[in-house]
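Reader: I would like to learn how to read a structure feature by feature. Could you take me through this one?

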Amino acid sequence: MTKLVPLKSIYAFVAVAETGSMTEAAGILFVSHSAVSQAIKSLESQLNKPLFSRVGRRVVLNADGKRYYRKVAPALEQIVNATQELMRVTNDNRLTLNMVNSLAMHWWIPRVPSFQSFSPTLDVRISTLTGPFDLEREGVDIALVHGVPNEWQDYHCEKLGRDDLVLVCSPLLLKDLTLSMKELAKGVSQPQRPNPFNPIPIEQLKHLLDCQPVIGVINSRRQHDWQVWCDSHDVELPHFQSHLTFNISIQAVQAATRALGILVTHRLFVKDDISHGLLIELGKPVANPHQDFYFVCEKSKLKQESVLKLRSWLQSEFSQSEAVFNVEEVAPLREGLQ
């Protein structure tokens, strides 16, 4: 029986042929330089002829090596593709969903029971990468993007919902103000659809901004939030306290729920905190001109039943979130203001 060539030798041969370097090939294969060198020597010994020539610090295929590469490289690609395809079929009920930390903490986790009820057999793993990235390279099936679509032009990208900026604070923060809860209540009407809130008078908002510490988030994705909200309400941008300035929204929201100050943030990040009475929304929400929420995946993934199922659930959840707070969500605020 003909002695079979070890697959690891073929991996090493193709990697060196495509990189021109045993060191780079070792990095790609996550093995040592000596392991690649030994694999090439073993392959050349079995074939009884050299496959590479050294040119300076690089190694290049010789005539025999080029002929061999033209045959084995496509075959190796077929093996890799067949393996990945079979693994995808086997794990069709497992998906990796990416979203920013704040969305995972304040939006996804409270909805896990709802999703489990919707699809008990679908296993969703959460990753929290930020900014544009290669979905396949990072092992991400779907990205719930809080951003702009032009960063994802190579993928299927569809809008799930708009991003609203809201001013929030803890109910505890209002107790020590000259601006009493009853005075704030004057700015809240009986809930009516589609807009259950009347705007709190601008003088009351200015008073609140003057009296209470301001919480800020300074990363590039959030640094304009306060300015957008203030411009919309025609109020001056307040000064930020250094000890209440954070790099990520999840820290700022935590500070707001602990009654450390007032915060402009994204409604989906605090929707459940508002509905549970941990935070109060003041004034009108402001559409964020810089970002919205998008569903992003490889175009080929749209043939996968599990991806379509998760997309359907996300569309439904965001469709509900698009509506202004319903009566149950308004109740905690009204009770606190009475």
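Reader: Leaving aside its neighbours within four places in sequence, which residues is S249 in contact with?

Author: Keep in mind that this is a predicted model. Beyond its neighbours within four places in sequence, S249 is in contact with S102, V217, R222 and F269. The residue is found in helix α10.

Reader: Is S249 buried or exposed?

Author: S249 counts as buried, at 4% relative accessibility. The cut-off for that label is under 20% relative accessible area.

Reader: What does helix α10 pack on?

Author: Strands of a sheet pair through backbone hydrogen bonds, either parallel or antiparallel. Here 8 strands form an open sheet with mixed pairing, in the order β4-β3-β5-β10-β6-β9-β7-β8. At the edges stand β4 (123–127) and β8 (245–246); each has a single partner strand, so one side of each is left without a neighbour in the sheet. Inside that order, β6 (residues 156–169) and β10 (residues 280–297) run antiparallel and are joined by 11 bridges. L167 stands opposite L282 in β10. Helix α9 (residues 225–233) packs on the sheet, where it touches β6, β7 (214–217), β9 (262–266) and β10. The direction of α9 makes about 130° with that of β10. Helix α10 (residues 249–257) also packs on the sheet, touching β7, β8 and β9, and its direction makes about 170° with that of β7.

Reader: How many bridges join β1 to β2?

Author: Strand β1 (residues 52–55) is joined to strand β2 (residues 58–61) by 4 bridges, and the two run antiparallel. S53 stands opposite V60 in β2. The two strands form a hairpin with 2 residues between them. In the turn, G56 has a positive phi of about 65°.

Reader: Which residues touch the most other members of the largest nonpolar core?

Author: The general idea comes first. In soluble globular proteins, nonpolar side chains tend to be buried together. The largest nonpolar core here has 38 residues, and L103, W107, L144 and L310 touch the most other members. Domain 2 (94–161 + 293–320) and domain 3 (164–184 + 197–288) both give residues to this core, so it lies between them. Not counting residues up to four places away in sequence, L103 touches W108, L144, L268, F269 and F293. Another core, of 20 residues, lies apart from it, and its members include A15, A39, L61 and Y68.

Reader: How many of the residues of helix α11 are buried?

Author: In helix α11 (residues 267–275), 8 of the 9 residues are buried, so the helix is largely enclosed by the rest of the structure. Among the buried residues of α11 are L268 and F269, and both of these are touched by L103. The buried list also includes R267, K271, D272 and D273. Just after α11, G277 takes a positive phi of about 80°.

Reader: How many disulfides does a search of the whole structure find?

Author: The search finds 0 disulfides. For C157, the nearest cysteine sulfur is that of C297, 9.5 Å away. A pair counts as a disulfide when the sulfur atoms are within 2.5 Å, so C157 is in none. C157 is partly exposed, with a relative accessible area of 26%, whereas C230 counts as buried at 0% relative accessibility.

Reader: Where is D210, and how far apart in space are D210 and P238?

Author: D210 is in helix α8 (residues 202–211). With a relative accessible area of 68%, D210 is exposed. D210 and P238 are 28 residues apart in sequence and 7.8 Å apart in space, C-alpha to C-alpha.

Note on methods: Residues are numbered from 1 along each chain as its sequence is written. This is a predicted model: local features need pLDDT of at least 70, side-chain atom pairs count only at pLDDT 80 or more; totals for chains, interfaces and linings use all residues. Side-chain values use heavy atoms; hydrogens and water are left out. A nonpolar core is a set of buried Ala, Val, Leu, Ile, Met, Phe, Trp, Tyr and Cys residues joined through side-chain atoms within 4.5 Å. Buried means under 20% relative accessible area, exposed over 50%, partly exposed in between (1.4 Å probe, protein chains only). Domain bounds come from an automatic or database domain assignment. Contact means heavy atoms within 4.5 Å. Two strands pair if DSSP finds at least two bridges between them. Axes are lines fitted to C-alpha atoms, for helices over the stretch in contact, and angles run from 0 to 180 degrees between N-to-C directions.
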